[in-house]
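I opened this entry to keep track of what I looked up, chain by chain. The notes follow the order in which I checked things.

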Amino acid sequence: MAVYKRRYNPYTGSLTAAWSRFFVLTRFAFLDLFKSRFFVLLLILAIVPNLFFAGYIFVANNKTVQLLMQIRSADFLAVETQYFIIIMTVQTNVAFLLNCWVGPVLISGDLTNGALSLFLSRPFSRADYVLGKLAVLSILLSAVTWVPCLLLFGLQSGLARNGWVWSHLWMILPILLCSAIWVLMLSLMSLAVSAWVKLRIVATGVIFIAFVIPAALGEMFNAIMGTYWGALLNLSYMFRIVLERGLRDPFRLLAHMGRHEIPVPAAWAVMILVCLFCLVILNARLRARETVRG
Amino acid sequence: MLPTIELEGLEVQLGGRTILHGLTGVLKSRAIGLLGPNGAGKSTLINTLLGFHKPIKGSARMLGLDANTNGKALRALVGYMPENDAFIAKMSGVRFVRYMAEISGLPPDQAMERAHEAFVYVGLGEARYRPVGTYSLGMKQLAKLAQAIAHGPKVLILDEPTNGMDPPARKRLIELIREIREASDICLLLSSHLLRDVEETCDEVLILRNGKIASICNLVEERRANRKFLELETVGVEATFTAALEALGCECAIFSNGRIKVVMPDTVEIREVFKVAADRGVQIRRMNHRRDSLEDIFLNAMEQTGAADGRI
């Protein structure tokens with residue numbers, strides 16, 4: 001064991017760049033997360049569907065394997081936009097579950113015993129704090145959404161021929177944008193709930209409720225008022241609109257794009273407003289708790 | 001040299017209620033005590049200096065940096081030990097301090113080394129791998145001190161540091177604070193209800209009452225002035241003894257039972273009093289420096305402002 005001097009010494013060494021310090025929060029949070037076996041198991045399970053998707057793409061593009069398996073190519077769903085919509089739907093649901101486990105404890109632990117004042121009494125702002133915590137969820141959810149999705153896109157591009165990549169290159173932007181808004185909305189919602197609710201189980205319940213109750217209220221509103229705008233309260237549906245229209249789903253474009261469809265800009269606006277609302281309530285909570293009160 | 005704290009008409013409102021009423025004052029000492037009854041505005045002043053509260057009027061500066069406009073630069077110089085619980089319960093003590101040091105800008109390896117040093121220094125070396133949530137109240141106070149000093153701040157702000165500590169632990173903490181003060185050029189701002197804590201560690205005192213400055217008192221000058229005021233108990237006192245002291249420039253007052261009060265000029269040392277006594281055959285049985293305790297100063301300030309406010 002090292003022997004340390006029992007006297008106070010001022011620090012005279014170098015300092016890290018001020019802009020990079022928010023990442024200390026992210027690093028410590030990840031170190032804590034990976035101590036949990038349940039989290040590691042959850043993360044592995046979140047990655048498993050992508051292995052099936054990759055296998056599917058491999059088989060769909062490999063005639064030899066198809067012959068060995070005695071299946072005809074026509075039986076396969078072509079790896080087109082519809083397939084990537086399925087991939088992203090699965091990935092975003094997995095991200096939701098992962099977020100429900102990780103998000104609720106990120107801020108509540110700091111607020112329970114007044115540690116927030118220690119963070120903010122340093123050259124570290126509320127924005128740095130939120131950014132550090134947001135980075136935890138953004139990195140984690142990105143690792144199970146757009147990152148594997150783009151890897152699968154790359155795999156398909158590599159295996160497919162006849163210039164598939166060039167004819168589908170436009171898909172990269174909607175994949176990134178749709179994933180980004182979903183990841184951001186989930187992350188901010190989790191952080192806001194974590195700032196207000198101390199217990200993980202209750203916070204997880206609140207996140208579920210935030211998706212289910214407004215959707216139900218919206219349906220009631222539609223039924224009573226005879227309109228379809230109540231669907232604006234259904235966040236999963238808003239994401240589906242953005243995703244399917246973004247990836248030009250032929251089914252939605254031809255059959256459902258009619259009078260009873262929420263416009264895409266309105267769906268985007270709802271999700272951005274939810275993000276802003278979460279930011280406002282998160283800021284209000286942090287501001288109230290930044291000083292220790294007796 | 002820059003003053004440690006400068007207040008210029010500082011006015012702070014919380015929830016629409018004015019807490020600090022136009023505080024103006026300059027505190028130049030390296031160790032400043034902040035005194036005042038509950039609700040006087042001590043914690044609000046500390047939070048304003050840390051940039052948590054924005055003044056509606058005036059300014060507060062620490063080491064020349066404005067708390068409102070230069071908050072981040074100012075906080076880079078500060079180590080803060082809050083009054084209430086402030087820790088992450090599930091983290092081990094040393095990891096918690098390392099975490100805080102890294103947020104202050106120390107590289108990870110340096111932060112780890114300083115965290116260990118700080119823990120050993122405050123006397124929690126054996127408990128550093130235990131979760132902070134399992135610490136006793138006194139240990140939590142020491143852990144808070146460790147996180148406040150780990151990054152080597154230029155200003156150490158201690159809000160009620162001895163709260164909840166037993167007398168030996170309190171004594172150890174006060175010794176630590178004095179050691180820290182003497183081992184470096186660190187400035188100290190200590191807020192406490194315990195006048196003794198302030199008296200033992202600080203050179204200057206800012207006394208607040210109802211959000212106003214009741215008094216700013218330089219304890220070093222007070223102590224120096226009081227050193228020249230002697231209370232003697234003598235046997236065989238003679239008029240020639242006091243006359244000889246007066247010839248040296250002292251002022252004397254003789255009371256019953258051989259008690260004499262002497263005010264010495266700066267040029268006269270105590271040994272000269274002994275010499276005069278020895279020459280005159282006078283026995284000095286007791287000698288006290290008069291010492292206006294901080295309690296006297298505090299109560300005096302409270303009475304004065306109380307009278308000014310029309311209440312005590």
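**Domains of chain B**

I took the centres of domain 1 and domain 2 of chain B over C-alpha atoms; 44 Å separate them. The assignment gives domain 1 as 5-220 and domain 2 as 228-289. Those bounds come from an automatic or database domain assignment.

**Ground rules**

I noted that this is a predicted model, in which local features need pLDDT of at least 70 and side-chain atom pairs count only at pLDDT 80 or more, while totals for chains, interfaces and linings use all residues. Residues are numbered from 1 along each chain as its sequence is written, and chains are lettered from A and ligands numbered from 1 in the order in which they are written.

**Chain A overall**

I counted secondary structure next. Chain A has 14 helices and zero strands. Helices (H or I, at least four residues) and strands (E, at least two) are DSSP runs, numbered from the N terminus. The C-alpha trace of chain A spans about 75 × 60 × 30 Å along its principal axes. Of the 294 residues in chain A, 36% are buried. Buried means 20 or more other C-beta atoms within 10 Å of the residue's own, with C-beta atoms placed from the backbone. I then looked at contacts, meaning C-beta atoms, placed from the backbone, within 7 Å. Among contacts in chain A with a separation of 6 or more, 80% join residues 24 or more positions apart.

**Where the chains touch**

I listed the contacts between chains. On chain B, 39 residues are in contact with 31 residues of chain A. Elements giving two or more residues to the chain B side include helix 2 (71-75), strand 6 (78-81) and helix 6 (167-183). Helix 4 of chain B gives the most, with six residues. By class, the chain B side has 20 nonpolar, 10 polar and nine charged residues. For these classes, Ala, Val, Leu, Ile, Met, Phe, Trp, Tyr, Cys and Pro count as nonpolar, Asp, Glu, Lys and Arg as charged, and the others, Gly among them, as polar.

**Cores**

A nonpolar core here is a set of buried Ala, Val, Leu, Ile, Met, Phe, Trp, Tyr and Cys residues joined through C-beta atoms within 7 Å. I found that the largest has 149 residues, and that Val97(B) and Ala146(B) have the most contacts inside it. Helix 10 (residues 172-196) of chain A supplies the largest share of this core, 14 residues. I followed Ala146(B) further. Beyond its neighbours within four places in sequence, Ala146(B) is in contact with Val97(B), Ala118(B), Phe119(B), Val122(B) and Leu124(B). Another core, of 13 residues, lies apart from the largest one; Leu230(B), Ala244(B), Val262(B) and Ala277(B) are among its members.

**Strand 13 of chain B**

Which side chains of strand 13 (residues 259-263) are buried? Ile260(B) and Val262(B) are, and they point to one face. I checked the partners (strands pair if DSSP finds at least two bridges between them). Strand 11 (residues 229-235) pairs antiparallel with strand 13 over five bridges. Strand 12 (residues 251-254) also runs antiparallel to strand 13, joined by four bridges. Lys261(B) is the bridge partner of Glu231(B), and Ala253(B) stands opposite Lys261(B). The hairpin of strands 12 and 13 has four residues between the strands, and there Asn257(B) takes a positive phi near 55°.

**Helix 1 of chain B**

Lys42(B) is one of them. Gly51(B) follows helix 1, with a positive phi near 90°.

Methods
Two residues are in contact if their C-beta atoms, placed from the backbone, lie within 7 Å. A residue is buried if 20 or more other C-beta atoms lie within 10 Å of its own, exposed if 12 or fewer, and partly exposed in between; C-beta atoms are placed from the backbone.
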